[in-house]
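Subject: Handover of a structure and its description

Dear colleague,

Please find below the structure that I am handing over to you.

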Amino acid sequence: MIKIIPLFYILFLPYYLIAQEDSFDMEIRSARETIGDIKYSGFTTSFDLPVTELQKKWWKYSKSIGIVENMKSYYLVKIPPQEKGYASVSLIEKSSGDEKRSLIFLAVLDQTLNDYKEQVRDVLLEFKVRYYTDLVERKIEEKEI
């Protein structure tokens, strides 16, 4: 029985996600956003939820990967180094949208750190995967009750 459950998730979970969420997508696009007076190159993706809800979910997720500062119109996330001798990396996040659809933009604060720009895409992808996984887990738990 233990081996059947993981097999179930691997085989049927993606289909369940697609069937339940009409606009489920993992698309992450390159984008440029002006925050303050600085134009940042980063990545953006969309969600079908209110912008206030997206900000709460981002806050919770970003606290798990680093130290978060709320700058009112955007967030700064300082990710500490994993190994000695390396410097920390700061990310800048800005959410926009309305009560039905929202966008999240994420970029490296120091735009000269080209080595980390592609990893920002991975952070955004991990956030989106975690969001959809939590959504499916809640729906499965609701069906079990």
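Helices (H or I, at least four residues) and strands (E, at least two) are taken as DSSP runs and numbered from the N terminus. On that basis the protein has 3 helices and 6 strands, and their order from the N terminus is α-β-β-α-β-β-β-β-α.

The model is predicted: local features need pLDDT of at least 70 and side-chain atom pairs count only at pLDDT 80 or more, whereas totals for chains, interfaces and linings use all residues. Residues are numbered from 1 along each chain as its sequence is written, and side-chain values use heavy atoms, with hydrogens and water left out.

Overall figures

Accessible areas come from the Shrake-Rupley method with a 1.4 Å probe, and for residues only the protein chains shown count as cover. The accessible surface of the protein comes to about 9800 Å², and carbon and sulfur atoms account for 56% of it. A residue is called buried under 20% relative accessible area, exposed over 50%, and partly exposed in between (1.4 Å probe, protein chains only). Of the 145 residues of the protein, 30% are buried. With contact defined as heavy atoms within 4.5 Å, 53% of the contacts between residues at least 6 apart in sequence join residues at least 24 apart.

Nonpolar cores

A nonpolar core is a set of buried Ala, Val, Leu, Ile, Met, Phe, Trp, Tyr and Cys residues joined through side-chain atoms within 4.5 Å. The largest such core has 23 residues, of which Phe47, Trp58, Leu91, Ile104, Leu106 and Phe127 touch the most other members. At least two residues of this core come from each of β2 (38-47), α2 (51-65), β4 (75-79), β5 (89-97), β6 (102-108) and α3 (117-144). Helix α3 gives the largest share, 7 residues. A second, separate core has 6 residues, including Ile35, Tyr40, Leu76 and Ile92.

Leucine 76, in strand β4, is buried at 16% relative accessibility. Setting aside residues up to four places away in sequence, leucine 76 touches Ile67, Val68, Glu69, Met71, Leu91, Ile92 and Leu109.

Aromatic pairs

Rings of Phe, Tyr and Trp (its six-membered ring) pair if their centres lie within 6.5 Å; planes under 30 degrees apart count as stacked, over 60 as edge-to-face and the rest as tilted. The count by this rule is 8 aromatic pairs. For tryptophan 58 and phenylalanine 127, the ring centres are 5.2 Å apart and the planes stand at 85°, so this pair is edge-to-face. The pair links distant parts of the chain, with tryptophan 58 in helix α2 and phenylalanine 127 in helix α3, 69 residues apart. Both residues, tryptophan 58 and phenylalanine 127, are buried.

The rings of tryptophan 59 and tyrosine 75 have centres 5.4 Å apart and planes at 50°, so this pair is tilted. Tryptophan 59 belongs to helix α2 and tyrosine 75 to strand β4, 16 residues apart. Tryptophan 59 is partly exposed at 29% relative accessibility, whereas tyrosine 75 is buried at 11%.

Ring pairs also join Phe47, Trp58, Tyr61, Phe127, Tyr131 and Tyr132 into a cluster. Beyond its neighbours within four places in sequence, phenylalanine 127 is in contact with Phe47, Leu54, Lys57, Trp58, Tyr61 and Ile104. A charge sits over a ring if NZ of Lys or CZ of Arg is within 6 Å of the ring centre and within 35 degrees of the ring normal. Lysine 128 lies over the face of phenylalanine 47 in this sense, 5.0 Å from the ring centre.

Strands and loops

Two strands pair if DSSP finds at least two bridges between them. Strand β1 (residues 29-35) runs antiparallel to β2 and is joined to it by 7 bridges; one of the partners is threonine 44 in β2, bridged to arginine 29. The two strands β1 and β2 form a hairpin with 2 residues between them, and glycine 36 in the turn has a positive phi of about 70°.

Lysine 72 has a positive phi of about 70° although it is not a glycine. Lysine 72 is located in the loop between β3 (67-70) and β4 and is exposed, at 81% relative accessible area.

Glutamine 111 is placed in the loop between β6 and α3. Its contacts, apart from neighbours within four places in sequence, are Tyr40, Ser41 and Lys117. Glutamine 111 and tyrosine 40 are 71 residues apart in sequence and 6.9 Å apart in space, C-alpha to C-alpha.

Yours sincerely
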